[in-house]
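The following exercises ask the reader to locate residues and elements in a structure and to classify them. Each task is followed by a worked solution.

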Amino acid sequence: RRYMRQLENHEEALEVLMGRDIARKQRGLSLNVLRKYGVGVGDFKFQDENGNWVDHASLVFPWTSISNQRVVTSSDDDDDTPVYVADNVRVDRLKIRSLREKRHQRLAPAGGSWGMFGWHTVPPSSTTLVITEGEFDAMAVHQATGMPAVSLPNGARSLPVELLPMLERFEKIYLWMDDDLAGQEGAEKFARKLGLDRCLLVRPPPLKNAQGRAPKDANEALLLAYAHLPVVADPADKLPFPIPSIQSTIMKAMPVPHQEIARFTDLRQDIFREVANPSVVRGLQSRTLPRLSGITKGHRKGELTIVTGGTGVGKTTVLSQLSVDLCDQGVNTLWGSFEIKNTRLAKTMLTQFSNDDLQSDLSRFEMWADRFAELPMQFLRFFGSTDVNKVLDAMEYAVYVHDVEHVVLDNLQFMLSGQGRGGYDKFDLQDRAIEMFRQFATSKNIHITLVIHPRKEPHNSMLSLSSVFGSAKATQEADNVLIIQQGANFRTLEVHKNRFDGELGCVPFKFDKTHCRIVEIGDDELRTLGYNPTHVYKSGIAADFVNQSAAPAAIMNNNNSNNGRMMGIHNMNNNNNNNTNNNTSSNSNTGASARPDPVDEAAPPPPPLDDPTLTADVDSVPNSKPAADGGHFVVTTLSASERARLNGATKDEQQQQQQQQQSQQQQQQSQQQQSQQPQQPERRSVGRPRSTPAAAPPSSASQAALEAEYQYRQEGPRRSSTAIQQPKQPLTVFHEDNIIVG
């Protein structure tokens with residue numbers, strides 16, 4: 001009552017609440033409605049960015065409950081101001097929101113029960129109810145139509161199960177959420193929670209704002225309706241009632257369409273929303289890793305993200321930081337750590353959230369711990385080997401009870417450890433788990449981030465889509481694939497698959513040990529290290545491999561996520577090329593191809609990923625056929641110029657190799673003319689490569705390299721390919737100029 005009395009004399013608050021200027025974010029509410037809902041104002045302290053407590057004039061919204069079914073009006077004995085407070089209404093909790101800065105808000109007391117704003121205004125005999133996303137929307141609906149209206153405690157993010165018994169008696173419930181992606185997804189989620197047979201979804205009324213768009217919420221619809229009415233001296237007494245445009249909008253509400261059936265009319269509004277607001281449908285942006293959001297376009301519901309990387313590169317640290325970032329923006333998150341204890345994980349999250357050295361200043365621990373406790377973060381208690389069905393049951397409970405929107409599972413190998421009988425049964429178990437997680441993310445419309453360790457790779461080698469442990473099902477089912485690479489001077493977070501718009505790229509970063517955070521590396525720092533930022537952002541750590549000569553000459557796969565084919569080229573046998581080039585004068589002393597130095601600006605840059613000379617569409621290869629895993633396996637031959645370019649040869653070396661090739665061709669033609677027997681052209685091997693008897697036998701050193709390469713290929717992902725399941729003799733087809741395009 002004290003806060004309500006203060007509102008009567010607070011000019012700034014009354015101007016905001018009762019004014020009708022949309023541009024100034026005024027609300028157009030009448031004083032009678034404000035009194036009826038018990039809105040008040042008071043001064044409350046909030047912390048600024050420096051941790052200082054500052055007074056803010058704040059609005060107070062009460063969450064109420066009724067002890068019995070009798071509701072009467074009463075007035076304060078010390079003041080004759082009429083108020084709408086029932087003698088049997090109990091205020092369970094207060095939602096406090098700064099009048100000037102919306103981001104400053106909290107609940108008092110902390111840890112109290114859940115409630116709904118405006119519940120005491122609902123008549124006991126009412127069988128219909130309008131539920132809105134915000135407090136201003138509920139008051140706008142009641143002011144415009146007289147219908148009972150309440151608002152949810154946490155907007156479109158959640159509908160706590162503690163409130164469900166209060167809503168059991170209503171035969172018809174109108175859900176009027178904001179006309180954005182989060183609001184419409186929340187409306188459908190709440191309708192399934194409350195019962196599809198009694199819930200109706202309200203669409204925006206046929207009103208247009210200054211930008212020609214439909215109103216975003218019920219409060220804006222009220223202001224747009226008032227804009228077409230004549231100006232009156234006393235809005236509290238002379239407002240038209242009811243407002244036809246808003247009342248007809250509620251009456252035209254439609255039920256939730258069948259989950260498996262859709263018409264264009266059901267999709268039309270969603271399509272318009274994507275066309276009118278493309279930035280909204282992209283997803284929630286990360287505030288700590290903006291370059292990553294620039295590539296993936298944000299965090300979206302209904303997707304599956306696979307994250308992989310070598311041991312100790314920071315997979316858990318990166319995901320912890322991303323999840324806290326999203327959780328701080330209101331995303332209800334469930335963390336399942338099967339490798340690290342929750343205490344250690346939460347400590348890392350708290351340090352990242354505070355961005356402060358809490359160990360050196362323990363006096364700040366309580367403050368940041370209290371703020372972290374307000375985040376919608378839940379933790380699974382599972383650890384180590386756990387049945388997938390138990391994990392799914394816990395996830396389903398969290399989605400229903402806590403309205404979880406993001407689930408992080410770290411990692412799949414620890415979860416499934418010891419459950420397979422060895423051999424291929426282990427891979428089948430992983431495939432079934434991935435399939436269930438994929439279906440859960442789609443059916444529940446949540447985002448699942450799944451960590452999968454890579455298979456064993458040679459030291460200092462690059463990871464690609466094929467490096468993900470198991471079969472190809474993981475990367476095929478995923479909407480996004482992120483790979484963390486370890487370089488010589490920095491690490492990169494590389495996007496190897498992006499089903500949303502296909503854009504790929506890399507985020508170079510470094511680790512801030514004090515705050516347990518990763519920090520993106522900017523252009524200036526990359527240039528200081530001797531790197532071209534454009535090459536790093538596009539090819540990631542592959543540029544580091546070529547520049548530092550720390551790994552075999554390889555170009556990172558340019559994976560086309562639209563058709564699922566791997567379009568990259570790898571130099572499979574650099575040693576054989578060195579043996580061939582030893583006969584040339586340029587390589588007589590070095591015995592290896594020259595490589596550009598990273599600091600030498602005049603040195604030629606590594607070839608771009610989309611260079612047409614370094615990629616080949618396997619569909620254009622004669623007699624090519626798809627492999628069992630959905631990709632292609634074709635043996636082809638590069639020209640000398642292409643092979644020289646792949647090895648980083650200079651122009652002089654390329655010319656010498658071209659001249660040598662021309663002379664060899666002339667010798668072959670002369671031999672054919674002498675024998676007068678036309679030689680049959682060699683056919684390209686398709687499927688499993690076969691040996692080529694015509695090729696000269698390699699040297700012992702070259703043969704050892706071939707056997708090592710073949711063994712490396714056999715230790716790759718176990719796929720249902722005959723060439724992989726039934727190893728043959730070392731593939732001599734790799735000798736000389738032959739490489740694999742796959």
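**Exercise 1.** Determine whether Ile 271 is buried, partly exposed or exposed.

*Solution.* Step 1: the classes are buried (under 20% relative accessible area), exposed (over 50%) and partly exposed (in between), with a 1.4 Å probe and protein chains only. Step 2: the relative accessible area of Ile 271 is 39%, and therefore Ile 271 is partly exposed. Step 3: this residue lies in helix H9, residues 264–276; helices (H or I, at least four residues) and strands (E, at least two) are DSSP runs, numbered from the N terminus. Step 4: together with Phe 264, Leu 267 and Val 275, Ile 271 forms a nonpolar surface patch with about 400 Å² of accessible area in total. Such a patch joins nonpolar side chains (Val, Leu, Ile, Met, Phe, Trp, Tyr) within 5 Å, or like charges within 9 Å, from residues with over 30% relative accessible area and no salt bridge. A salt bridge is a side-chain nitrogen of Lys or Arg within 4 Å of a carboxyl oxygen of Asp or Glu. Areas come from the Shrake-Rupley method with a 1.4 Å probe, and for residues only the protein chains shown count as cover.

The model is predicted: local features need pLDDT of at least 70 and side-chain atom pairs pLDDT 80 or more, while totals for chains, interfaces and linings use all residues. Residues are numbered from 1 along each chain as its sequence is written, and side-chain values use heavy atoms, without hydrogens and water.

**Exercise 2.** Describe how strand E20 pairs with strand E19 and with strand E21.

*Solution.* Step 1: two strands pair if DSSP finds at least two bridges between them. Step 2: E19 (residues 491–498) and E20 (residues 505–512) are antiparallel, with five bridges; Arg 491 has Phe 509 as its bridge partner. Step 3: six residues separate E19 and E20 in a hairpin, where Gly 502 in the turn has a positive phi of about 80°. Step 4: E20 also runs antiparallel to E21 (residues 517–520), through four bridges, and Lys 510 stands opposite Val 519. Step 5: the hairpin of E20 and E21 has four residues between the strands, and Cys 516 in its turn has a positive phi of about 55°.

**Exercise 3.** Is Arg 432 buried, partly exposed or exposed?

*Solution.* Step 1: Arg 432 belongs to helix H17, residues 424–444. Step 2: Arg 432 is partly exposed because its relative accessible area is 43%. Step 3: Val 388 is 44 residues from Arg 432 in sequence, and their C-alpha atoms are 9.4 Å apart.
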